[in-house]
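Biologist: I am new to this one. Please show me the model, and then we can go through it by question and answer.

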Amino acid sequence: MRAADPVLDSLQGLALGDAFGDRWFSVPVDEAPSALAARLVRPAPWHWTDDTAMTLVLVRHLTARGEVHQDALAQEFAAEYAREYGRKYGPSMHRVLRGIGAGGDWRAITSGQFEGQGSYGNGAAMRVAPLGAWFANDLDEVARQAELQALTTHFHPEAVIGAVAVALAAALAVRSRGESAPGRAELLTEIAGRLPVSDVRSGLRIAARLPEHTSIRQAATVLGSGVLISAPDTVPFALWSAAGHLDSLPEALWHTLEGWGDKDTTCAIAAGVVAARTGLTEVPPAWLAAREELPDWAAGTAASAE
Ligand SMILES: [Mg+2]
């Protein structure tokens with residue numbers, strides 16, 4: 001695998017974030033605030049969800065082909081869904097992936113969603129951070145490949161632009177390795193400057209202007225934290241959180257979790273970005289032991305994916 005370390009770091013971080021965040025969905029509502037305030041680590045096991053399942057498909061695809069081939073990737077997402085559909089996919093993805101798996105044309109299916117608008121959910125963004133790491137040497141290519149992969153399931157421009165934003169963040173995180181982390185506003189502004197006019201871009205620009213000591217609660221209120229499971233409601237908050245904690249994956253995870261909302265996906269996005277810079281070295285071993293295992297090739301135990 002080319003550039004194995006940042007890609008696998010991002011993938012492993014993303015899977016950790018997904019499982020870490022998802023585990024909090026089962027905490028009773030009356031216990032959650034105090035448990036979160038005390039940072040009580042949840043008992044194992046932490047299962048990962050559709051975020052990781054689709055990311056594994058995407059990274060395997062890049063390993064085999066070196067770039068996104070949409071027809072094949074759409075089939076691979078559908079095949080993974082058919083193999084294990086219980087990974088908490090979003091409602092519209094059940095329809096899309098079943099339809100593709102049944103032999104339908106992915107372009108017709110994705111563009112037919114929501115009366116022709118397509119899904120603007122956060123599903124194309126949640127899986128894309130390792131792709132940003134893969135193409136980190138060329139930011140134009142990052143954007144192009146992120147868009148290609150997004151369109152296989154999400155037709156709406158906001159979903160696509162959300163994916164491009166996350167991929168760019170991961171690429172910039174990789175490029176910052178060995179140097180001081182970029183400032184939060186600087187990073188968010190750079191990403192926004194590469195995006196077309198959109199709610200995602202507006203959200204990132206608002207996020208970049210939030211005062212330094214803005215509380216997580218306030219940021220989540222202003223930006224959204226995935227309650228609507230849309231890209232504009234998810235990506236600006238997740239990237240704001242990641243950009244504020246680029247040197248510590250555990251800190252990034254606790255802060256992102258505190259935004260509540262779509263916890264598995266906000267944590268997957270933030271962790272996929274931060275881990276592209278930091279790797280998993282600071283993560284407590286107990287967290288990694290609690291997280292459901294990844295396939296050998298993704299766990300980094302096989303350098304083999306060459
Ligand atoms: Mg999920």
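Biologist: Is Asp-50 buried or exposed?

Modeller: Asp-50 has a relative accessible area of 7%. Buried means under 20% relative accessible area, exposed over 50%, and partly exposed in between (1.4 Å probe, protein chains only). Asp-50 therefore counts as buried.

Biologist: What kind of model is this?

Modeller: Residues are numbered from 1 along each chain as its sequence is written, and side-chain values use heavy atoms, with hydrogens and water left out. Local features need pLDDT of at least 70, side-chain atom pairs count only at pLDDT 80 or more, and totals for chains, interfaces and linings use all residues; this is a predicted model.

Biologist: Which residues coordinate the magnesium ion?

Modeller: Donors are N, O and S atoms within 2.8 Å of the metal (3.2 Å for Na, K and Ca); water is not among the atoms, so sites may look incomplete. The donors here follow the spacing T-D-D-x212-D along the chain. They lie at 2.0 to 2.3 Å, and they belong to Thr-49 (OG1), Asp-50 (OD), Asp-51 (OD) and Asp-264 (OD).

Biologist: How many residues apart are Asp-50 and Asp-264?

Modeller: Helices are DSSP runs (H or I, at least four residues), as strands are (E, at least two), numbered from the N terminus. Asp-264 is buried too, with a relative accessible area of 6%. Asp-50 sits in helix H3 (residues 50–65) and Asp-264 in helix H15 (residues 263–278), so the pair links distant parts of the chain.

Biologist: How are H9 and helix H13 oriented to each other?

Modeller: Axes are lines fitted to C-alpha atoms, for helices over the stretch in contact, and angles run from 0 to 180 degrees between N-to-C directions. H9 and H13 (residues 231–243) pack at about 15°, with axes 9 Å apart. Angles under 35 degrees count as roughly parallel, over 145 as roughly antiparallel, 65 to 115 as roughly perpendicular and the rest as oblique. H9 and H13 are therefore roughly parallel.

Biologist: And how is helix H14 oriented to H15?

Modeller: The axes of H14 (residues 249–258) and H15 come within 9 Å. They cross at roughly 160°. That makes H14 and H15 roughly antiparallel.

Biologist: What is the handedness of the crossing of H3 and H4?

Modeller: H3 and H4 (residues 70–83) pack at about 140°, with axes 10 Å apart. They are therefore oblique to each other. A crossing is left-handed if the near helix is turned anticlockwise from the far one by less than a right angle, and right-handed if clockwise. The crossing of H3 and H4 is right-handed.

Biologist: Which residues does Arg-291 contact, leaving aside neighbours within four places in sequence?

Modeller: Arg-291 is in the loop between helix H16 (285–290) and helix H17 (296–299). Arg-291 is buried, with a relative accessible area of 11%. Contact means heavy atoms within 4.5 Å. By that rule, the partners of Arg-291 are Gln-12, Ala-15, Leu-16, Ala-19, Trp-46 and Trp-48.
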